[in-house]
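Let's take a look inside a protein model and see what turns up.

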Amino acid sequence: MKSRAAIGIKFIAILLLAFSLLAGCQNSKDTAKTSGEKDSKSKSVSDNELTLFVDQTFWPLKDWTGKIPEEITKRTGIKLKVQVATDAQQLPLMISSGDLPDMVFTSSQFQTMSNSEISYSWDELIEKYEIKDFKIDPMARVLNEGENGKLYSVRNGFTSPEDFKNTPAALGNVPSFALRPDILKELGNPKIESLDDLVNVFKQVKVKYPDMTPLVMNPNAIGQYFRVNFGAPYQGWAEVDGDVKYYIHHPKQFDYYMFMNKLFREGLITAENFTWNEPNKAKELIVNGQAFSINNLNAVPTINNEIKAAGKDFEIAQQTKLIGEKPGLFADSAGWSGTFITKNSKNPEAAIKFLQFMHSEEGQKLGLWGIEGEHWNMDKSLEDGGYPVFTFDSQDAVEQQKLGVVWWGLLADDGIYEQVQRYVPESPTSQAMIDAKQYVQSNPMLGAVNPSAGSDAQVIKANIDNMITNEQAKIYLAKSEAEAKKAYENMMKLAEDIGLPKLEDYANKRYEEVVKRYNEVK
């Protein structure tokens with residue numbers, strides 16, 4: 001028997017379809033003709049409302065309101081009726097039932113939506129409606145093509161290595177590491193110019209403050225900062241001596257694991273940290289004054305706001321330089337979510353023109369930054385190191401939500417404008433990103449080697465990931481260096497037994513195909 005929740009979800013999907021059909025009928029009376037009619041070019045899009053399903057439960061804007069969405073509507077004639085996912089199963093249910101809205105924004109179902117029976121290809125709509133100046137980066141095209149070679153969407157957040165390098169204010173991500181400067185001062189401000197220096201500071205904290213944990217880590221960012229300092233990837237793929245390797249197979253992983261085990265054996269991190277499921281647990285210890293430093297995903301300013309709200313008289317400060325001997329950041333992302341125009345769309349012409357605008361320079365700046373002259377102004381061109389000077393706190397999620405900015409830009413984001421939005425002169429977060437940029441090894445085409453859902457390679461990858469989750473804790477918590485080394489060797493042996501060589505063989509063949517295809521279209 002179906003659960004009430006499942007029935008409820010399906011009922012909502014049916015209602016959505018019914019509403020879409022009613023809206024489609026009304027629009028057909030006013031301005032639109034069906035996509036199959038020859039004179040569709042005469043259709044007006046000024047009063048169109050398109051339905052959009054956002055397959056992200058965390059999406060902060062539940063409707064098309066705020067100054068920026070209103071401005072987008074003014075410039076495009078398009079208003080969106082937004083439905084945000086309630087759980088990860090909602091979109092698969094809608095796909096299987098055929099109850100889809102005009103557009104879908106998704107990451108997890110990107111490959112599924114890249115299907116001619118579910119979605120329109122962008123190219124066919126661009127050709128049919130004679131749309132000019134819809135520029136799609138050749139590398140982005142190759143990274144997003146469906147299995148049939150057609151382009152149904154482009155993932156947001158992709159940045160070509162050349163654009164990233166040639167835009168000084170474009171900043172990538174770096175795992176955040178922050179500590180208590182007041183305690184550091186009490187210790188005599190010892191230098192922190194190497195990992196050995198940092199370990200020595202941890203030891204001093206342990207002696208002077210025995211009830212304080214020297215280091216806590218967000219469970220979603222365990223050791224990421226240290227992997228970067230060792231030049232080891234913390235996810236995805238890397239090219240090593242001409243071969244594509246899964247991240248766990250990178251030669252620097254061993255050094256990273258031995259370092260983490262040393263931190264545990266010397267009492268600088270706790271065993272409990274590896275059992276936390278709640279990502280805010282580490283932050284709570286910092287806010288409560290029970291920890292000296294934190295390896296987090298980001299958001300140091302947010303944590304300081306919480307410390308202040310708790311009535312504490314200290315703050316944390318992000319370290320702005322990587323301190324490993326040979327740091328490395330592996331940028332292999334092909335992007336994350338893309339917008340699809342479904343075959344249920346009552347007005348595919350309006351939808352593709354909307355995406356054309358949002359992917360344009362004007363659309364991206366509007367969606368990510370706000371209205372020029374009101375919310376931001378450029379100090380100089382991006383090519384000359386310029387960046388937008390904001391009239392509001394562009395890093396404040398509450399302010400973003402009020403305006404309807406940033407997240408709506410991510411419906412169509414080619415990377416650079418999002419990265420430049422992060423640039424805040426003199427802020428520790430920006431300084432850390434600027435320092436990290438010199439260590440970035442960017443190869444987005446590695447992002448295309450992830451195996452498709454349901455394939456043998458995908459099953460192997462999933463099994464390896466599950467194994468790593470269980471086995472790496474044995475390395476971290478080993479009681480001796482010899483035991484840690486043995487646990488590491490056992491983990492790698494298990495990865496091999498599960499099929500790591502076969503997975504990497506698939507990845508290398510796929511990588512060759514992607515490179516060949518890119519050379520054909522660039």
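Below is a short walk through a cavity and then a pair of helices.

Keep in mind that this is a predicted model.

**The cavity**

Rolling a probe the size of a water molecule over the atoms shows where empty space is left. The largest cavity has a volume of about 50 Å³.

Who lines it? Among the lining residues of the largest cavity are Val 174, Pro 175, Phe 177 and Tyr 225, along with Gln 318, Gln 319, Thr 320, Lys 321 and Leu 322. Ala 432, Asp 435 and Ala 436 line the cavity too. Helix H18 (residues 428–437) gives the most to this lining, with 3 residues.

**The helix pair**

Two packed helices are described by the angle between their axes and the distance between the axes. Here, the axes of helix H11 (residues 253–265) and helix H20 (residues 481–498) come within 10 Å and cross at roughly 140°. Because of that angle, H11 counts as oblique to H20. The crossing of H11 past H20 is right-handed.

Which residues meet? From H11 there are Gln 253, Phe 254, Tyr 257, Met 258, Asn 261 and Arg 265, and they meet Glu 481, Ala 484, Lys 485, Tyr 488 and Met 491 in H20.

**Residue classes in both places**

Definitions and conventions
Residues numbered from 1 in each chain as written. Predicted model: local features only at pLDDT ≥ 70, side-chain atom pairs only at ≥ 80, totals over all residues. Heavy atoms only, no water. 1 Å grid on protein atoms, 1.4 Å probe; cavity = no way out; pocket = protein on both sides within 12 Å on 5 of 7 lines; lining within 4 Å. Points joined across faces, edges and corners; volume = space filled by probe spheres on them. Helix = DSSP H or I, 4+ residues; strand = E, 2+ residues; numbered from the N terminus. Axes fitted to C-alpha atoms, helices over the stretch in contact; angles between N-to-C directions. Parallel < 35°, antiparallel > 145°, perpendicular 65-115°, else oblique. Left-handed = near helix turned anticlockwise from the far one by under 90°. Contact = heavy atoms within 4.5 Å.
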